[in-house]
Amino acid sequence: MSEKATIRVFIADDHAIVREGLKQILAEQRDIVVAGEAENGIDAIRLYPRSRCHVMLLDISMPDRNGIEVLKQVKKDKPELAVLMLSMHREDQYAIRSLKAGAAGYLTKQSAPRELVVAIRQVAAGQKYVSAALAQTLAAQVGADHEAPMHDSLSDREYQTLIMIASGKTVSDIARELSLSVKTVSEYRARLLVKMKLKNSAELTHYAIRNHLIE
């Protein structure tokens with residue numbers, strides 16, 4: 001799209017206060033307009049086509065569907081749409097996984113408003129957006145000659161469960177936060193332990209710390 005064209009943005013985030021904050025930031029930009037919004041993943045997939053958006057701001061942690069699952073569906077339906085992932089998590093936890101799934105960029109919610117605006121304009125122009133720190137991480141991975149880590153084999157929900165367990169949350173905590181049943185979360189935990197050849201949550205936490213998935 002041309003530099004002078006208005007960039008239409010669709011916001012998908014389950015927190016109303018976050019959506020309002022994003023809309024206030026973007027309302028100050030002459031070349032950006034918020035064309036639609038959704039409070040969960042299912043609505044995001046259903047509503048974004050109506051907005052005729054150029055960029056989607058997509059939260060990773062939503063209760064009904066993991067943001068990366070939504071990303072994959074959106075990119076399947078509309079490959080040319082630029083999706084900018086937003087997350088409360090550190091870049092090294094979800095950014096690379098997001099980019100591999102087709103995201104045009106990744107921002108933490110702690111990013112400055114100016115960085116958000118720059119990122120939207122950049123991905124709308126067909127480019128990728130990553131922070132300088134993440135760019136270094138990506139460069140290091142490309143240059144490294146080693147086997148893929150075990151957590152790369154996990155599904156998006158399994159990976160999310162890994163991070164949450166390693167951060168000290170119980171299965172009940174995770175079930176409540178993700179609006180899932182305890183049985184479902186327990187199944188994710190069981191599967192990821194098998195895939196990663198770990199015996200329990202303590203070994204899982206140790207793995208996450210050793211691989212810098214959590215602080």
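In which strand is aspartate 59 found? Aspartate 59 is found in strand β3, which spans residues 55–59, where helices (H or I, at least four residues) and strands (E, at least two) are DSSP runs numbered from the N terminus. The model is predicted, and local features need pLDDT of at least 70, while side-chain atom pairs count only at pLDDT 80 or more and totals for chains, interfaces and linings use all residues. Residues are numbered from 1 along each chain as its sequence is written, and side-chain values use heavy atoms, with hydrogens and water left out.

- UniProt, in an unreviewed entry, lists Asp59 for "modified residue: 4-aspartylphosphate"; UniProt positions are given in the numbering used here, feature names are shortened, and annotations may be inferred rather than shown by experiment.
- Aspartate 59 is buried, with a relative accessible area of 2%, on a scale in which buried means under 20% relative accessible area, exposed over 50% and partly exposed in between (1.4 Å probe, protein chains only).
- Leaving aside neighbours within four places in sequence, aspartate 59 is in contact with Ala12, Asp13, Asp14, Gly67, Leu86, Ser87 and Lys109, contact meaning heavy atoms within 4.5 Å.

**Arginine 19 and a salt-bridge network**

- A search of the whole structure finds 14 salt bridges, each defined as a side-chain nitrogen of Lys or Arg within 4 Å of a carboxyl oxygen of Asp or Glu.
- Arg19, Glu20, Lys23 and Glu37 are linked in a network of salt bridges.
- Arginine 19 has its place in helix α1 (residues 16–27) and is buried, with a relative accessible area of 11%.
- Not counting residues up to four places away in sequence, arginine 19 touches Ile11, Asp13, Asp14, Glu37, Ala38 and Glu39.

**Individual salt bridges**

- Arginine 46 forms a salt bridge with aspartate 43, with the closest N and O atoms 3.0 Å apart, and both residues lie in helix α2 (residues 41–51), 3 residues apart, which is about one turn of the helix.
- Within that pair, arginine 46 counts as partly exposed at 44% relative accessibility, whereas aspartate 43 counts as buried at 19%.
- Lysine 100 forms a salt bridge with aspartate 152, the closest N and O atoms being 3.8 Å apart; lysine 100 lies in helix α4 (residues 91–100) and aspartate 152 in the loop between α6 (132–143) and α7 (156–166), so the pair ties together parts that are 52 residues apart in sequence.
- Lysine 100 is exposed, with a relative accessible area of 61%, while aspartate 152 counts as partly exposed at 38% relative accessibility.
- Arginine 191 forms a salt bridge with glutamate 158, with the closest N and O atoms 2.8 Å apart, and this pair links distant parts of the chain, since arginine 191 is in helix α9 (residues 182–195) and glutamate 158 in helix α7, 33 residues apart.
- Arginine 191 is partly exposed, with a relative accessible area of 39%, whereas glutamate 158 is buried, with a relative accessible area of 1%.

**Packing of α7 and α10**

- Helix α7 and helix α10 (residues 201–210) pack at an angle of about 95 degrees, with their axes 9 Å apart, where axes are lines fitted to C-alpha atoms, for helices over the stretch in contact, and angles run from 0 to 180 degrees between N-to-C directions.
- That angle makes α7 roughly perpendicular to α10, given that 65 to 115 degrees counts as roughly perpendicular.
- The contact is made by Leu162, Ile165 and Ala166 of α7 together with Ser201, Leu204, Thr205 and Ala208 of α10.
- The residues of this contact divide into 5 nonpolar, 2 polar and no charged, with Ala, Val, Leu, Ile, Met, Phe, Trp, Tyr, Cys and Pro counted as nonpolar, Asp, Glu, Lys and Arg as charged, and the others, Gly among them, as polar.

Methods: Parallel < 35°, antiparallel > 145°, perpendicular 65-115°, else oblique.
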